[in-house]
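This briefing walks through one protein chain, topic by topic. Keep the sequence and the structure open while reading.

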Amino acid sequence: MPTVREIEQALFDLAPKDGAMDWDNVGQLLGDPEQAVEKVLVALDITERVADEAIESGCQLILAHHPVMNCKWLPVQTVRSDTPQGHLLLKLLRHGVSAVCMHTNLDVAEGGVNDCLAETLKLVDPGPLGDGDGLCRMGTLPAPMPLAEFAAFVCKALGANGVRYADAGKPVCRVAVGGGACGDYEDAAIQAGCDTFVTADLSYHTFLDAEGKGINLIDAGHFPTEDPVCGRLITYLTARFPELAVSKAASHREVIQYIVKD
């Protein structure tokens, strides 16, 4: 059986560590690097429910996108059972569950978060947006589509509980995508000639200015826009280590709910 260290290195082959932003915290963040691994649980986030699922199913490793301990300039100062993070970390350590997290390095990687998002949304010939960080992707639809129809397609394709959108009065043809909170790349999408930008966590004022900037915006949620990469990670690890049992967490799903007006 492979060790956690060997699995981490294989994942860095997919998403090199030097692709991570300088503030990020990626790689093995918890556990014993020499621990032998038989079962891996893949999830976007390591939550208490994901930790319980990993323990109950006998997993030695959780592979996640978002770091369980985030930001190099905000290191963990305490690990106490009476704080949410401390309780989670102690639970994982006590049960011998390691954590490997691939974050912004997986966002920018070929075949990573944003390539998976473009693929899920059926974009034709997707490629780099040209933003300074190499994060987002863009492509075209097979045929132009009204924005409301495309927004409904995005919602269904990503399994979102709902989407928010702003209409700039243009049909959807050339689309930029950025999984997670990529609103800062809106101007790059406009400069690249995109009529529509699909991302998450957009602010009121960003929506308010969309028509004046001439770009349709779709906020499909942080979880739905990034979750497609979990399937890619499972496929990749299974191919690299056929002896591993790799599964996706059933307990982790979109937490944002919507009420539809009558």
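Asp 133 is partly exposed, with a relative accessible area of 43%. The residue sits in the loop between β5 and β6 (137-145). The model is a predicted one.

- Beyond the residues up to four places away in sequence, Asp 133 touches Met 21, Val 108 and Tyr 185.
- Gly 27 is 106 residues from Asp 133 in sequence. In space the two C-alpha atoms are 20 Å apart.

**Asp 115 in helix α5**

- Asp 115 belongs to helix α5.
- Is Asp 115 buried or exposed? Its relative accessibility is 18%, so Asp 115 counts as buried, the cut-off being under 20%.
- Its contacts, not counting residues up to four places away in sequence, are Ala 109, Glu 110 and Arg 137.
- Pro 126 lies 11 residues from Asp 115 along the chain, and 7.6 Å separates their C-alpha atoms.

- Most residues other than glycine have a negative phi.
- Lys 122 has a positive phi of about 60°, although it is not a glycine. Lys 122 is in the loop between α5 (113-120) and β5 (124-128).
- The relative accessible area of Lys 122 is 56%, which makes this residue exposed.
- Asp 125 also has a positive phi, near 50°, and is a residue other than glycine. Asp 125 is part of strand β5.
- Asp 125 counts as exposed too, at 69% relative accessibility.

**Gly 162**

- Gly 162 is placed in the loop between α6 (147-158) and β7 (164-166).
- Although in a loop, Gly 162 counts as buried, at 12% relative accessibility.
- Leaving aside neighbours within four places in sequence, Gly 162 is in contact with Cys 155, Ala 220 and Tyr 258.
- Gln 257 is 95 residues from Gly 162 in sequence, yet their C-alpha atoms are 7.8 Å apart.

**Val 100 in strand β4**

- Val 100 is in strand β4 and counts as buried, with a relative accessibility of 0%.
- Which residues does Val 100 touch, not counting residues up to four places away in sequence? They are Val 4, Glu 8, Leu 11, Gly 27, Gln 28, Leu 61, Ile 62, Leu 63 and Ala 64.
- Arg 5 and Val 100 are 95 residues apart in sequence. Their C-alpha atoms are 9.4 Å apart in space.

**Helix α1**

- The buried residues of α1 are Val 4, Ile 7, Glu 8, Ala 10, Leu 11, Phe 12 and Leu 14.
- An α-helix has 3.6 residues a turn, so residues three or four places apart point the same way.
- The partners packed against the buried residues of α1 are β1 (27-30), β2, β3, β4 (98-101), α4 (104-108) and α10.
- Leu 11 is in contact with Leu 63, Val 100, Met 102, Leu 233, Tyr 236 and Leu 237, leaving aside its neighbours within four places in sequence.

**Nonpolar cores**

- The largest nonpolar core has 29 residues. Ile 7, Leu 11, Val 40, Leu 63 and Leu 237 touch the most other members.
- Which elements give two or more residues to this core? They are α1 (4-14), β2 (39-43), β3 (61-64), α5 and α10 (229-240).

**The whole chain**

- The protein chain has 10 helices and 11 strands.
- Its radius of gyration is 19 Å, close to the 18 Å that the globule rule gives for 262 residues, so the chain is as compact as a globular protein of that length.
- The C-alpha trace spans about 55 × 40 × 35 Å along its principal axes.
- Of the 262 residues, 52% are buried.
- Among contacts between residues at least 6 apart in sequence, 68% join residues at least 24 apart.
- The accessible surface comes to about 12300 Å², and 53% of it belongs to carbon and sulfur atoms.
- There are 20 positive and 37 negative side chains. The centres of these two sets lie 3 Å apart.

Note on methods:
Residues numbered from 1 in each chain as written. Predicted model: local features only at pLDDT ≥ 70, side-chain atom pairs only at ≥ 80, totals over all residues. Heavy atoms only, no water. Helix = DSSP H or I, 4+ residues; strand = E, 2+ residues; numbered from the N terminus. Rg over C-alpha atoms; globule rule 2.2 N^0.38 Å. Buried < 20%, exposed > 50% of the residue type's maximum accessible area, 1.4 Å probe, protein only. Contact = heavy atoms within 4.5 Å. Areas by Shrake-Rupley, 256 points an atom, 1.4 Å probe, with all protein chains shown as cover. Lys, Arg positive; Asp, Glu negative; His and termini not counted. Charge placed at Lys NZ, Arg CZ, Asp CG, Glu CD. Core = buried A, V, L, I, M, F, W, Y, C linked by side-chain atoms within 4.5 Å.
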